[in-house]
Amino acid sequence: MAQQKDTYAVEASFLRGNTLPHGDDIHQLVNGHPEGLLFSFVIKTHGKEEWQRVYDFPDYGGYFLYQDFKSEPLGVCYAAGGFYNFYFLNRHLQLKLAQGIALTTNPYDKVNNSKNKAFGTRIMDNTNIGLSCDNQNLFGNIGFHAGILFTHYSNGRLKSPNSGINTYLLNLGLNYNFENEKKVVNDTSYVKKSFREPLKYNFVFRTGINESPVIRSGQRPFYHIGFYVDKRLNRKSAWQLGTELFLTNSIKDYIQYYSVAYPEASIDTNTDYKRVGVFIGHELFINRISLEAQVGYYVYQPFKKDISIYDRVGIKYYVTDKIFAGFMIKTHMFLAEALEFGIGVRL
């Protein structure tokens, strides 16, 4: 089959749903049903590149999201970013993965908006995950989709407060294809090759700034140093096992504050702020971009204000076969600790 060029489409969706209250400070913020509009410019692939065939001809593109939380303290968020759509069940089931930057109209303000403990800054990270039933050509070039969209807003604790907001929404929308949809046919002339590799050794350095949970305690740099082994099994997947050292300076501030504010807790002001974790992870290779997810456990954590289990998700870009850069968010369940910018080497 001759390789086919990309085609283009636009989508518009209406969103309505509920907030997932992951803390007491969230219950008091939302008393209505959040609503929103999602607009997307879609690039539909047809096998022009190898990764498109491997992933059964996904879509990618850019989005703009408007979300009204129906809450005076929270206000409205505007977000923009990029996405991938992956298809299953003869292209009738669509999985959407989207990442972008959001702007809120009502961030925390000690005087004017002290109730908003969710958004400590005006600019935040936005992550969206959706699953929907999809018919691209319901009426000619017009299609329809219906499903669920999960949205997350957080500043990664660049500043406190930062409990963040998570919502799940009914997603109903239409799309318009600028060209007649081409039949997706696998290229039978494509020769598969093995992507299995021996163990690879990875060294990664992640950094950024964050603030302790104490509001306006000050932004401090952090340094997260990791080593892990990965085993690539096939074209798409590699598993990881590793360890890392966390030098998070904002924890020093938190220890000082906690030892004074809560003397009954008997926290020594000289408690070590460093942490050591072990983790397992999975890397999903797309092209030069890959998606990474890790779950870890602190084996050394003298100051135990956070739970012992942490997780990390993000995106990596391979500058060469051995050098990569990445952007990750590290959390303790639903509570973000840091937005990490990393560089690393895979040997």
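The model is predicted: local features need pLDDT of at least 70, side-chain atom pairs count only at pLDDT 80 or more, and totals for chains, interfaces and linings use all residues. Residues are numbered from 1 along each chain as its sequence is written, and side-chain values use heavy atoms, with hydrogens and water left out.

**Stop 1: helix α3**

Select residues 249–261, which form helix α3. Helices (H or I, at least four residues) and strands (E, at least two) are DSSP runs, numbered from the N terminus.

Next, highlight Asn 249, Ser 250, Ile 251, Tyr 254, Ile 255, Tyr 258 and Ser 259, which are buried in α3. Buried means under 20% relative accessible area, exposed over 50%, and partly exposed in between (1.4 Å probe, protein chains only). To see what covers these residues, display the strands β9 (200–211), β10 (219–232), β11 (237–248) and β12 (275–285), which are included in the cover; contact here means heavy atoms within 4.5 Å.

**Stop 2**

Side chains of opposite charge can pair when their charged atoms come close. A salt bridge is a side-chain nitrogen of Lys or Arg within 4 Å of a carboxyl oxygen of Asp or Glu, and by this rule the count comes to 19.

Select Asp 253 and Arg 220, whose closest N and O atoms are 2.7 Å apart in a salt bridge. This pair links helix α3, which holds Asp 253, to strand β10, which holds Arg 220, across 33 residues of sequence. Arg 220 is partly exposed, at 26% relative accessible area.

**Stop 3: two buried pairs**

Move to Arg 206 and Glu 244, whose side chains form a salt bridge at 3.7 Å, N to O. Arg 206 belongs to strand β9 and Glu 244 to strand β11, so the pair ties together parts that are 38 residues apart in sequence. Arg 206 is buried at 4%, and Glu 244 is buried at 2%.

Then select Glu 283 and Lys 316, with 3.4 Å between the closest N and O atoms of their salt bridge. Glu 283 lies in strand β12 and Lys 316 in strand β14 (residues 309–318), so this pair ties together parts 33 residues apart in sequence. Glu 283 is buried, with a relative accessible area of 0%, and Lys 316 is buried at 3%.

Conventions. The expected span of a helix is 1.5 Å times one less than its number of residues.
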